[in-house]
Amino acid sequence: MSKVMDRLRGSLAIDRDAIGECLIEQPQLYYDVASGHAESAARRDALKLETEEVQAGVDQRIRADAANRGDKITEAAIQQLLRLDTSVADLARRGLAAREESDRWAALKEAYQQRSFMLRELVALHVSERHDVAMSNGAGQRSTAADAVAGHNMRATADARKQFRVRGKA
């Protein structure tokens, strides 16, 4: 595993006492993981294409050699000779390793998506807890400027509706 992946795996944990910092860093961390996943998928796909190209060349060589000897060769025999070819086998092994790396990046990307959902839940929980504390301390009084603005906006909306109804009846 790469150092970058190790660092990103280490950053998955959420520090409940530093939710704000976790929220700020989440987009960059997710971008880093998504980029790593895209790069690993591109390497995997490039190896797959290279493997197919080499297989086609070896297949052509096997058929030409058989034709030059005057031998008839079955498709099963060709497939077996392809698997035994060292260049094809080497590329196949490298392709498997690239697929494993890409799958690890995909799993890390999914973990960061889950982290994002969890951050959202923790923020809601944190806001709820603060609201409960404010309500118990203030005996129902508004606890923040945002609450006051929200109340003002609700009253303004109600006033506008009343005016619309009065004009609509006239």
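1. Basis of the note. The model is predicted; local features require pLDDT of at least 70, side-chain atom pairs count only at pLDDT 80 or more, and totals for chains, interfaces and linings use all residues. Residues are numbered from 1 along each chain as its sequence is written, and side-chain values use heavy atoms, with hydrogens and water left out.

2. The largest core. The largest nonpolar core consists of seven residues: Met5, Leu8, Leu29, Val33, Trp105, Leu108 and Tyr112. Such a core is a set of buried Ala, Val, Leu, Ile, Met, Phe, Trp, Tyr and Cys residues joined through side-chain atoms within 4.5 Å. Buried means under 20% relative accessible area, exposed means over 50%, and partly exposed lies in between (1.4 Å probe, protein chains only). At least two residues of this core come from each of helix 1 (3-10), helix 2 and helix 4 (86-138), and helix 4 gives the most, with three. Helices are DSSP runs (H or I, at least four residues), numbered from the N terminus.

3. Leaving aside residues up to four places away in sequence, Leu8 touches Leu29, Asp32, Val33, Trp105, Leu108 and Tyr112; contact means heavy atoms within 4.5 Å. In soluble globular proteins, nonpolar side chains tend to be buried together.

4. The second core and Asp59. A second, separate core of five residues includes Val58, Ile78, Leu82 and Val88. Asp59, placed in helix 2, touches Ile78 and Leu82 when residues up to four places away in sequence are not counted. Asp59 counts as buried because its relative accessibility is 16%. Its side chain also makes a polar contact with the side chain of Arg63 (2.6 Å). A polar contact is a pair of N or O atoms within 3.5 Å; within protein, one must be able to donate a hydrogen and the other to accept it, and residues adjacent in sequence count only if both atoms are side-chain atoms.

5. Salt bridges. The structure holds ten salt bridges, each defined as a side-chain nitrogen of Lys or Arg within 4 Å of a carboxyl oxygen of Asp or Glu. Asp59, Arg63 and Glu75 are linked in a network of them. Side chains of opposite charge can pair when their charged atoms come close.

6. The side chains of Arg115 and Glu25 meet in another salt bridge (3.2 Å, N to O), with Arg115 in helix 4 and Glu25 in helix 2, 90 residues apart. Arg115 counts as buried because its relative accessibility is 3%, whereas Glu25 is partly exposed at 28%. Arg43 forms a salt bridge with Glu101, the closest N and O atoms being 2.9 Å apart; Arg43 is in helix 2 and Glu101 in helix 4, 58 residues apart.

7. Helix 2 at Pro27. Pro27 lies in helix 2 (residues 19-69) and counts as exposed, because its relative accessibility is 53%. Pro27 and Ser116 are 89 residues apart in sequence and 8.9 Å apart in space, C-alpha to C-alpha.
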